[in-house]
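These are my notebook entries on a structure that I went through element by element. I wrote down what I looked up and what I found.

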Amino acid sequence: MDQSVAIQETLGKEENCIVVSFEPRMKHAAQCDILLDDCSENRLLGLVECAKEHAIFIYTHRRMAITADDVSLEDILPITLDFAVVEVSSPEQLVVVGADTRVRMSYKNEELELRLPFGSHSRLFLCEVNKAWSDVCRLPTQVPKFEWIKKYKKSIKRQEAMKQAIAPLEVLSTKNNQHQKIEKVSDKKGSLEKVKSSNSIPQKSKGNSSQDKKVPVRSIRLSYADYYFFSDRFFLGTYNVNGQTPKESLRPWLSCTPEPPDIYCLGFQELDLSKEAFFFSDTTAKYSFLALIFHPSQGNKGAVAIRFRFHNSDICVVNSHLAAHVEEYERRNQDFKDICSRLQFRQLDPTQPPLTILKHNVVLWIGDLNYRISDLDVDRVKDLIAKNDYETLHSYDQLKRQIDVEAVFVGFKEGEIDFQPTYKYDTGSDKWDTSEKCRIPAWCDRILWKGKNIQQEHYKSHMDVRTSDHKPVSSLLVIGIKRVNPDAYKKTFEEIVRNIDKMENECIPSLSLSKREFHFKDVKFMQHHAETLNLFNDGQVPCQFEFIQKPNESTYSKPWLTANPPKGFIAQGASMDVDLEVFVNRSMAPDLNCGKQEIEDILVLHLERGKDYFISVTGNYLPSCYGTSIYSLCHMKEPIQDMPKETLLELAEKSLNDDAATDEKPLDIPKELWMMVDHLFRNAVNQEDIFQQPGLRTEFAEIRDCLDSGMPDSLPGSNHSVAEALLLFLDALPEPVIPFSFYQQCLECSSSAGQCEKIISMLPPFHKNVFNYLAAFLRELLKNSANNRLEVDILATIFASLLLRSTKKQDLAEKKKTQEFFQHFLTQHSS
């Protein structure tokens, strides 16, 4: 399916491209480049016709446009008197063989400059566009309505920025980067011409010709080794001010480091945001404003975050105030998860998805997290604090416990806590809560981080600040900030320039195959075997694969081998399993039984615009009585799988002449046939619905194995399975019981019982014996029809098609004559 078919799907077309007269139809399509400010973006153009009106449909597409899901309608240009198309290729470009065609299309105030690939398909497309425009100019009084395009315009989501960016600009030549061919698909009104583009990557030509493809280096992706890390000191602070205005200096908190840090990140909770506090507070307006910048609440709880790029590291700082109360630790866990998922940063490029908190190199999390101390009473907690036994006390901390079970803050780190809890104090003092609630002290105020190359220099509380019922907390982190190594950058750039050819070659489709050789052991008649071939797209572009036929062969594989699926599409970095299935039926078994054919084939896996892979498939086939001639079986007194291959081949060649002399007296009928009939005669004469109810596949396999490998006293399986095994045996005979050469005679004399018996008397001896043996057995079954519910018509219908087969497909009249022929031998009066 090519790009034009993908477009037609968007227009509601059927896969066979049959055009409905009142629906739009794709008349011509071409691939083009729309010339933009800084790059060439690939587009698909379609000339669409409906109700004798024409319009240009412009599509964007991702990867190779395979289906309608891969293309999206970007814009529609109706061909009216306001439409114009002008070729703007320069004279210098026109003298270059293979140069692209540049045209300018305009509609009202919109103008697009396009570059169409060189070739007849582009000329044909432009010719049809000009013809459509000329038709409009010839009838200026007939104003087109274009009612039919309204439903398509509703689906267009074109950005205004794109419209402003379209302009006629010079870009790099892309000579020979397309290989196209025109296909014609018949429809009810004539032919549908389509452009098929393989998007192949050109090979670099020799010399320094100006026609060589120039590949712009748009960006350089540096590896981890191309950076060096410069240590920057980040001061992190969190303070729940409990709605209080500052009554003291914050210097003990903010100036606690010997040297000033490089960056301050401060988070406040429970600031008084009322207008009275803001306008009439004694605090300076500057301090109030700075404090308001990083305060988490639109209410009392929540989070706020900022992100910034510091040199080459992306940093996110989060300040949060989570749910309160001892028993609400699970709600706090959920608060964290909600913040991580719902707090998003829009990117400058609107086409890029928003960034979440965790999509940064460094995440710094500060705030009143409100996790408490559980399972200890207030006296025990205060006793441990008095002993400075913070290690024991920390083991009862809810946040530590939740992090240990990975319920929250997975991947984050927190420094060792060697300071007393920061909550809850009487405001203005260092005394623990003396209110009626008598809160248990807890480390509510925390600082955590996530990222590489981070070391903590200190983590402590500040007891000298007494404005709130919390104590402020600070942490000094030394963070390794990524910065580009100029020498490594230069080296990388030079390497990219030197390896442009290598980069182009990487754009050629490529697959990695799990195996190149497959061996199927002990393949048996009508037994399914399968192995899996995994295809991994290790190239840089999507690829289309297909198993193709070899020279002088009509199919891609031998008839016993199937690849499922035989073709497909694999995205970059994706993989697909292909099942190689082996199944031998009656048409393949004869040559495999005697060794004329082997389980051996070579599959050619072809990549569009890529190379071919060769896959070897071998195996060993176990000969079976199924698919072996009556003549050969009558000359085998041993199981077929005990016979030498040379003997099997010799018997197969002699079976072509039933009169060939043999040294040893053969059997009258094949022993395998006798075993199945004898089993049914002894066990199934009164079996209800015999030959009408199917057997089990597993039981058939057991019966087949018994016939092919040994001579058991009795056959396994149910009567129905043995009956089906007998029918399959007759169906698989290379030459039916009544040989093909007698078929026409049987039809001609089907109405005469005497003539029918005369023909049977003329059959080769082994075939005649088998026919009479089967007919006698079936007559015996009919004697018990009261129990087995068999009738002459039923048996004639079932067995006539097996005993009297044609090399060609039978019509209904022939089938009736074969049944009439065999009915003569099922009546009681027949000899």
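Which residues are buried in helix α17 (residues 645-654)? I found Leu-648, Leu-651 and Ala-652 to be buried there, where buried means under 20% relative accessible area, exposed means over 50% and partly exposed is in between, with a 1.4 Å probe and protein chains only. Before going on I note that this is a predicted model, in which local features need pLDDT of at least 70 and side-chain atom pairs count only at pLDDT 80 or more, while totals for chains, interfaces and linings use all residues. Residues are numbered from 1 along each chain as its sequence is written, and side-chain values use heavy atoms, with hydrogens and water left out. Helices (H or I, at least four residues) and strands (E, at least two) are DSSP runs, numbered from the N terminus.

**Entry: a helix pair**

Two packed helices are described by the angle between their axes and the distance between the axes. For helix α19 (residues 697-709) and helix α20 (residues 719-732), I recorded axes that come within 9 Å and cross at roughly 65°. Axes here are lines fitted to C-alpha atoms, for helices over the stretch in contact, and angles run from 0 to 180 degrees between N-to-C directions. The crossing of α19 past α20 is right-handed, a word that applies if the near helix is turned clockwise from the far one by less than a right angle, and left-handed if anticlockwise. On the α19 side I listed Glu-699, Phe-700 and Ile-703 as making the contact, and on the α20 side Ser-721, Val-722, Ala-725 and Leu-728. Sorted by type, the residues of this contact are five nonpolar, one polar and one charged; Ala, Val, Leu, Ile, Met, Phe, Trp, Tyr, Cys and Pro count as nonpolar, Asp, Glu, Lys and Arg as charged, and the others, Gly among them, as polar.

**Entry: two sheets**

I traced an open sheet of four strands in the order β12-β13-β16-β17, with mixed pairing; two strands pair if DSSP finds at least two bridges between them. Its edge strands are β12 (302-310) and β17 (445-450), each of which pairs on one side only. Neighbouring strands of this sheet are turned against each other by 15° on average, direction ignored. Helix α9 (residues 329-342) packs on the sheet, touching β12, β13 and β16, and its direction makes about 135° with that of β16. Within the sheet, β13 (residues 313-321) and β16 (residues 362-368) pair in the parallel sense over seven bridges, and Cys-316 stands opposite Val-363 in β16.

I traced another open sheet of four strands, with the order β20-β22-β26-β24 and antiparallel pairing. At its edges stand β20 (512-513) and β24 (561-564), each with a single partner strand, so one side of each is left without a neighbour in the sheet. Strands β22 (residues 529-536) and β26 (residues 575-582) pair in the antiparallel sense over eight bridges, with Asn-534 opposite Asp-577 in β26.

**Entry: backbone in the loops**

I looked up cis peptide bonds and noted one that joins Asn-564 and Pro-565, with omega about 0°; Pro-565 lies in the loop between β24 and β25 (567-570). A cis peptide bond also joins Tyr-423 and Lys-424, with omega about 5°, and Lys-424 has its place in the loop between α12 (398-404) and β17.

Which value does phi of Arg-609 take? I read it as near 65°, positive in a residue other than glycine. Arg-609 is in the loop between β27 (600-607) and β28 (612-621) and is partly exposed, with a relative accessible area of 22%. Phe-691 has a positive phi near 70° and lies in the loop between α18 (671-683) and α19; Phe-691 is buried, with a relative accessible area of 7%.

Methods:
Contact means heavy atoms within 4.5 Å.
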